[in-house]
Amino acid sequence: MTGIKPGTFEIRTSPHIKAAVTTDVIMRNVVYALMPICGFAVWAFGLSALALVCTTTAATVITEHLVCKISKKPTTVADFSAVITGILLALTLPPGIPLWMGFVGGVVAILLGKALFGGLGFNTFNPALVARAFLQAAFPVAMTQWVPAFVDGRFSQCIPTTLIPPFLSPNMRADAMAGYLAQARIDGWSGATPLSLMKFGGKTTATMDLFTGMIPGSTGETCAILILLGGVYLVARGMMNWRITAAMLASAYVSSWLFCLADKTSPTPAFMLFSGGLMLGAVFMATDMVASPTTPLGVWIYGALMGFLTILIRLKGGLPEGVMYAILLGNAVSPHIENLTQPRVFGTKRIKKAVK
Amino acid sequence: MSVLTLLGLDKTFSHGVHPPEYKGLTAHKPVRRMPFASEMLVPLSQHTGAPAKPIVREGQEVVRSEPIAEPGGFVSVPMHAPATGRIARIGLARDVRGGMSPAIFLQLYPGESQEILYGAPVDVDHMSNEEIVKAVQRTGVVGLGGAAFPTHVKLAVPEGKRIDSVIVNGCECEPYLTTDHRLMVEQPEHVYEGIRVVQRAYKAERVVVGIENNKPDAVEAMRRAKPDGEPIEVESIETKYPQGAEKMLIKSLLNREVPSGGLPMDVGASVFNVATLAQIGELLPMQQGLIERVITVTGPAVGNPGNYLVALGTPIRFVLEWCRYRGEDASVVILGGPMMGVAVPSLDIPITKGVTSILVLDKAEVEKRNRKEYPCIRCGSCLDACPMHLNPSRLGQLARKRTFDTMADAFNLMDCFECGCCSYVCPSNIPLVQRFRVAKAIIRERKAAS
């Protein structure tokens, strides 16, 4: 008898093999997919964008760590979900927003958007959008102050509003701001994004500029092509539910086309698709796994609902942009959509309705 | 490979997973006989149903293939002596679940020729259904794909039911396993002999052999050996786990869905594993008993992996030593495949009728499964994997809350057949299928208590 050592066997239940993809790997890859968008944001808006991304991410990570500390649980910073929230939040804010507001946003995202519900996997809403909605309500002026992209001095100085100390008005540095904007070499800067130009001035922007990001807007929403490429990367790796994105974009396209049919002056579907935060929202926000339904039919309905709501708010609401509220509303009804769209179990006749 | 295979248009079911196959370790190795161990033990309950009852005494001499235990009821089978020798003891032995259960201990005579002296020819072509059922029971054959359900019970069709299609399961969808593959390549005639018996018993109009398209040589061999003029089709179907599960295979080949809570016979079908049929084809015409089977011994920690013909009752320890097992690397010894197999608590457990393979995983593979568990991020991967179209994500959350009744009533928990696809794909490493096993056991217990 050769020596097979006794007592070295692990008893456990099947399956004994595992697929390679894990939650932290998925999260890390989402961060990779966001990197080119951050890079473009820094190129377009300069030091301020860089500082903003760093600030919000630091805020979310620190808050997440402290929350775990206080609740005496092992820290969950390593799963990268807080990093994603931080980056996404920065990408949805105006590039010139005071950094302290960005920091507050990051804290709110984790505390109100995530920890309050029980942490990763339990948040009803997308944490980054919860924070953005909070900031929109708390600081409406700062949240609607836009700067032009590709200003000459963007790498040598921050946008003046960026460095305003906490609790002071964003208007206090109006002179410096005027000086900064003077470098933009744009005649008659109106401080408007393509969507607000559309809404309040009836002016359209060339679709090509929207596509490549040569426009003012939130830090990371401007370059549609990079956002799409990030999405393609995640879908190719099987880490994103493309159906939600497809449904949301298709529904936005169709709804704006219908509005166009009814009213010739309504903006074209192509403009609607590539302007504002729709791309960023549809690719990176609406697809937040935790806050979306899991059922195959549910995700189509969920995406279509958000696309329609976006267009409805943009055209008929008071705000020029509707993506944020559309997604938050979608998040809110997501559990209900899931309950109503339970899959037909093999060998049963009808779609069974969930009890609760 | 056919055009259909290249285009991905082979017949299949929806959902399921594609784990790495690892079949290259043993797929090309012909079946070899393993020598006899000096001591063997035959558990009295190695099949689904009532345990067999011993008909030998301690100290009695038995001849290879002699019956040593009789069936304990209709849903039960006899046991036959796996070798010539002396009954050393009838008592408790460690079983695969970690408990103790009754078994017959056999001491072999050294130098014995181990010739099979039992058996008499029978005329299969003129047997009635009842006679075939009895004859199959006498062979002691059970489902050799792993389920170990007595085969003759399936052949006894209840009043009012009719089997029009016999499905032959040559999928072998579990990674690593290659026994069915080798059987189809090396002895297709035995499989066809078994098919003849089963077809006769049912008077079935149609026989469909389903083989995954990763075994083109098996498809070829089965097509070549097919008897002329019989209504038998050999289908190459998609390689996907769990293609070999009864309900999935019926869906793939016949496009019929076994109703929830029902049996294959409810849709006029009956499924047999190729190894089961090969044994029936080999044993029944001579009225012999099941005393050996082919197993795959494989895995990264096995020095000499291969397909072996092993006497039932051979201890795992003997098999592993024969295959140059590198004990120091290994942590998990599994009977069956990696998706549904059972990790054994001891190497003194014998090879039984339902054992398809011994798989030894090394540290790297073990650690991969022992990764950290994250909360469910509701990614929906499990919904896309579940072949029964259940909602494992939701079921997992309900299991955490211990709301077992909701799981069964609103989310069809009882339709889960524990294939493990959900646990396999879960990026958060949640032991979903294990939670469902526990939940099902509790629900069954409650039902029995009330």
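Which residues does Met239(A) touch, not counting residues up to four places away in sequence?

Guide: Leaving aside residues up to four places away in sequence, Met239(A) touches Ile26(A), Asn29(A) and Leu234(A). Touching, or being in contact, means that the C-beta atoms of two residues, placed from the backbone, lie within 7 Å. A quick note before we go on: this is a predicted model, where local features need pLDDT of at least 70 and side-chain atom pairs count only at pLDDT 80 or more, while totals for chains, interfaces and linings use all residues. Residues are numbered from 1 along each chain as its sequence is written, with chains lettered from A and ligands numbered from 1 in the order in which they are written.

Back to our methionine. Met239(A) sits in the loop between helix H9 (224-236) and helix H10 (242-262) of chain A; helices (H or I, at least four residues) and strands (E, at least two) are DSSP runs, numbered from the N terminus. With 21 other C-beta atoms within 10 Å, Met239(A) is buried. The cut-offs are 20 or more such atoms for buried, 12 or fewer for exposed, and partly exposed in between. Met27(A) is 212 residues away along the chain, yet its C-alpha atom and that of Met239(A) are separated by 8.8 Å.

Zooming out, chain A splits into domain 1 (22-145 + 147-188) and domain 2 (191-343), with bounds from an automatic or database domain assignment. Their centres, taken over C-alpha atoms, are 20 Å apart. Domain 1 puts 34 residues into the contact and domain 2 puts in 30. On the domain 1 side, H1(A) supplies the largest share, twelve residues. By class, that side has 26 nonpolar, seven polar and one charged residues. Here Ala, Val, Leu, Ile, Met, Phe, Trp, Tyr, Cys and Pro count as nonpolar, Asp, Glu, Lys and Arg as charged, and the others, Gly among them, as polar.

Now for the largest nonpolar core: it has 239 residues, and Val168(B) and Ile358(B) touch the most other members. H1(A), residues 23-45, gives the most to this core, with twelve residues. Such a core is a set of buried Ala, Val, Leu, Ile, Met, Phe, Trp, Tyr and Cys residues joined through C-beta atoms within 7 Å.

Just after H5(B), Lys203(B) takes a positive phi of about 55 degrees. H5(B) is also one of the helices that the buried residues of H2(B) pack against. Gly140(B) follows H2(B) and has a positive phi too, near 75 degrees.

Finally, confidence: chain A has a mean pLDDT of 87, and 93% of its residues reach 70 or more. pLDDT is the predictor's confidence in each residue, from 0 to 100. Over residues 352-356 of chain A, pLDDT stays under 50. Where pLDDT is low, the predicted coordinates should not be read in detail.
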